Amino acid sequence: FPSIFLNYEISQGNTISMSYSKRINRPRGRFINPFSSYSCNLNIFQGNPDINPTLIDAYDLSYLKKWSNKLTLSASAYTNIRHNAFQFVRFESGRFIDGNPVIINSPFNLATSQNTGFEFTLNYSPFKWWKLNTNFNFFNTKTSGSYSYKKADNTIETIDFGNSAGTWFARLGSKITLPYKVDFQLNGTYDAAQKTAQGSSKAVGSLNLAWSK
């Protein structure tokens with residue numbers, strides 16, 4: 001795929017960059033597996049073998065500032081335009097269990113999706129044996145598209161996937177090098193809540209600890 005990168009060094013330690021790249025996002029194995037998952041008999045996940053890869057046009061404008069070997073700041077504004085973006089559709093299967101409709105959740109190439117946001121990354125090494133890095137990303141996701149299906153009563157239901165919502169995530173990492181080539185790492189992430197066309201996802205936080213020798 002074509003890519004272009006332009007860098008301009010304003011002064012030592014100050015750099016502005018512009019870039020464009022074409023990317024591809026292929027569906028995961030479970031996305032194309034047509035067999036249903038029955039972890040819940042009322043909400044079934046089913047892959048779509050006809051799903052196509054998503055093509056992405058990525059634009060980025062960034063600024064990099066180095067104060068020393070200890071401290072580096074990177075800030076960027078970006079836009080990613082996705083064509084044939086994956087969307088998960090929840091629709092009635094036409095079957096009922098104890099009077100409750102069975103809902104199928106399946107991926108389709110439904111929409112054009114655009115992510116526009118700002119990202120900040122800070123790397124700091126107060127000592128040779130201790131490295132810190134943090135990342136903050138705020139973006140808005142805008143989607144467009146619709147999906148139609150036939151309900152159990154033979155009526156046509158159309159789901160509008162037009163949606164615009166903002167969210168953010170933050171990450172913090174710490175690496176400490178101990179004697180005898182022992183490394184200790186701590187990584188924390190937080191993904192804020194996000195509204196989608198058919199619902200919402202709650203905020204998720206995680207913390208990972210690791211040792212290596």
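Leaving out neighbours up to four places away in sequence, Phe-108 is in contact with Asn-48, Ile-51, Ala-85, Phe-86, Gln-87, Val-89, Phe-91 and Tyr-147. The model is a predicted one. Phe-108 belongs to the largest nonpolar core, and one of its contacts, Phe-86, is among the residues nearest the centre of the largest pocket.

**Nonpolar core**

- The largest nonpolar core has ten residues: Val-89, Phe-91, Ile-104, Phe-108, Leu-110, Ala-111, Tyr-147, Tyr-149, Ile-159 and Phe-161.
- Two or more residues of this core come from each of β6, β7 and β9.
- The element that gives the most is β7, with four residues.
- In soluble globular proteins, nonpolar side chains tend to be buried together.

- Strand β9 covers residues 146–150, and its side chains alternate.
- Tyr-147 and Tyr-149 point to one face of β9 and are buried; both are also members of the largest nonpolar core.
- β9 runs antiparallel to strand β10 (residues 156–160), and five bridges join the two.
- Ser-148 has Thr-158 of β10 opposite.

**Largest pocket**

- The volume of the largest pocket is about 1,000 Å³.
- Its lining consists of 35 residues, and those nearest the centre are Phe-86, Gln-87, Thr-141, Gln-194 and Thr-196.
- Two or more lining residues come from each of β6 (71–97), β7 (100–127), β8 (130–144), β11 (163–178), β12 (182–191), β13 (194–196) and β14 (199–201).
- By class, the lining holds eleven nonpolar, 17 polar and seven charged residues.
- Gln-87, one of the residues nearest the pocket centre, is also in contact with Phe-108.

**Residues with positive phi**

- Asn-84 is in strand β6 and has a phi near 60 degrees, a positive value in a residue other than glycine.
- With a relative accessible area of 42%, Asn-84 is partly exposed.
- Tyr-180 sits in the loop between β11 and β12, and its phi is positive, about 65 degrees, although it is not a glycine.
- Tyr-180 counts as exposed because its relative accessible area, 72%, is over 50%.

**Asn-133**

- Asn-133 is placed in strand β8 and is partly exposed, at 37% relative accessible area.
- Beyond residues up to four places away in sequence, Asn-133 touches Leu-122, Asn-123, Arg-171, Leu-172 and Gly-173.
- Between Asn-133 and Gly-29 there are 32 Å in space, C-alpha to C-alpha, and they are 104 residues apart in sequence.

Technical notes: Residues are numbered from 1 along each chain as its sequence is written. This is a predicted model: local features need pLDDT of at least 70, side-chain atom pairs count only at pLDDT 80 or more; totals for chains, interfaces and linings use all residues. Side-chain values use heavy atoms; hydrogens and water are left out. On a 1 Å grid over the protein atoms alone, a cavity is a set of points where a 1.4 Å probe fits but cannot get out, and a pocket is an open set with protein on both sides within 12 Å along at least five of seven lines; lining residues have an atom within 4 Å of a point. Grid points are joined across faces, edges and corners, and a volume is the space filled by probe spheres set on the points. Ala, Val, Leu, Ile, Met, Phe, Trp, Tyr, Cys and Pro count as nonpolar, Asp, Glu, Lys and Arg as charged, and the others, Gly among them, as polar. Buried means under 20% relative accessible area, exposed over 50%, partly exposed in between (1.4 Å probe, protein chains only). Two strands pair if DSSP finds at least two bridges between them. A nonpolar core is a set of buried Ala, Val, Leu, Ile, Met, Phe, Trp, Tyr and Cys residues joined through side-chain atoms within 4.5 Å. Contact means heavy atoms within 4.5 Å.
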